[in-house]
Amino acid sequence: MQKTKIMGILNVTPDSFSDGGSFVTEDLIAQQVRLMLDQGVDIIDIGGESTRPFAEPVPAAVELQRVIPAIEMLCQIAPAIPVSIDTTKAEVALKALAAGATMVNDISGLGHDPAMADVVADYDGPVIIMHMQGTPGDMQVNPRYKNVVEEIKDFFIRRLEWMEQQGIDQKRVILDPGIGFGKTLEHNLLILKNIREFKKLGQPVLIGHSRKSFFDKLLGVAVEKRDCPTAVVSALCVRHGADILRVHDVEKTRQAVRLAEVI
């Protein structure tokens, strides 16, 4: 079995940057879930609110209408596959966990909703905390760091200490340095180059680089042509110690991970 796990992205939103509107009916969701299962996905991450640059937030009620039916369907199709709920809202996380989700993926690092820490503390599954400078609405306006790697590490150290105080065991926590979330091209490359620095904190590290805009800046490729570059970076992430890769194209990533690990 491969060591690096593949988290497949299932955005049940009309406006995500890459696949917005692609999986908004039951049939389309079921078809995509079965495809990812056939391709060897390890975890499926379901999101009902776009967090692309300059995205507008949506109410919890709208988010719930999108994600709960998808989670219930996924649990029926593949009850053994871990399901992650991608949300910053405690209400959404709570109801998603009740519907069958087993992980919480919070891009705000439990910082957006004060009630999120209580929700996470009351269940015993993994929780992913991400670093983001600003919010999706303003994060790409003018991101600045003196030392992006060290500042992200400091953020994680502070959040881990705070989460321990909230009764959340650090053994449950996965770190996501937040590629593209308040980062320039240079910042993203430095993060990818220094994955082992984040590993020094003693937590699993997730990298979410799939189809991000830095591929366009580097290679001049449109979003629908970024799966091969994503797979190349996935292989490099394996070599640098990434534990989980969050991607749109599971098959290409699985092939990249397998090759990187056997070599």
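**The cavity, the sheet and a helix pair**

By class, the residues that line the largest cavity are 1 nonpolar, 3 polar and 3 charged. Please keep in mind that this is a predicted model. The lining residues are Glu49, Thr51, Glu63, Asp86, Thr87, Thr88 and Ile107. The space inside the largest cavity is about 40 Å³. With a threshold of 30 Å³ or more, the count is 1 cavity.

I turn next to the sheet. In what order do the 8 strands of the open sheet lie? The order is β6-β5-β4-β3-β2-β1-β8-β7, and the pairing is parallel. At the edges are β6, residues 173-176, and β7, residues 206-207, each of which pairs on one side only. Helix α5, residues 148-165, packs on this sheet and touches both β5, residues 127-130, and β6. The direction of α5 makes about 140° with that of β5.

Lys5, for example, has Ile244 in β8 as its bridge partner.

My last topic is a pair of helices. Two packed helices are described by the angle between their axes and by the distance between those axes. For helix α9, residues 227-239, and helix α10, residues 250-262, the axes come within 8 Å and cross at roughly 35°. The crossing of α9 and α10 is right-handed.

Which residues of α9 and α10 meet? From α9 there are Asp227, Cys228, Ala231, Ser234, Ala235, Val238 and Arg239. They meet Lys252, Thr253, Ala256, Val257, Ala260 and Glu261 in α10. The residues of this contact comprise 7 nonpolar, 2 polar and 4 charged.

Thank you for your attention.

Terms used: Residues numbered from 1 in each chain as written. Predicted model: local features only at pLDDT ≥ 70, side-chain atom pairs only at ≥ 80, totals over all residues. Heavy atoms only, no water. Axes fitted to C-alpha atoms, helices over the stretch in contact; angles between N-to-C directions. Helix = DSSP H or I, 4+ residues; strand = E, 2+ residues; numbered from the N terminus. Left-handed = near helix turned anticlockwise from the far one by under 90°. Contact = heavy atoms within 4.5 Å. Nonpolar A, V, L, I, M, F, W, Y, C, P; charged D, E, K, R; others polar. 1 Å grid on protein atoms, 1.4 Å probe; cavity = no way out; pocket = protein on both sides within 12 Å on 5 of 7 lines; lining within 4 Å. Points joined across faces, edges and corners; volume = space filled by probe spheres on them. Pairing = 2+ DSSP bridges.
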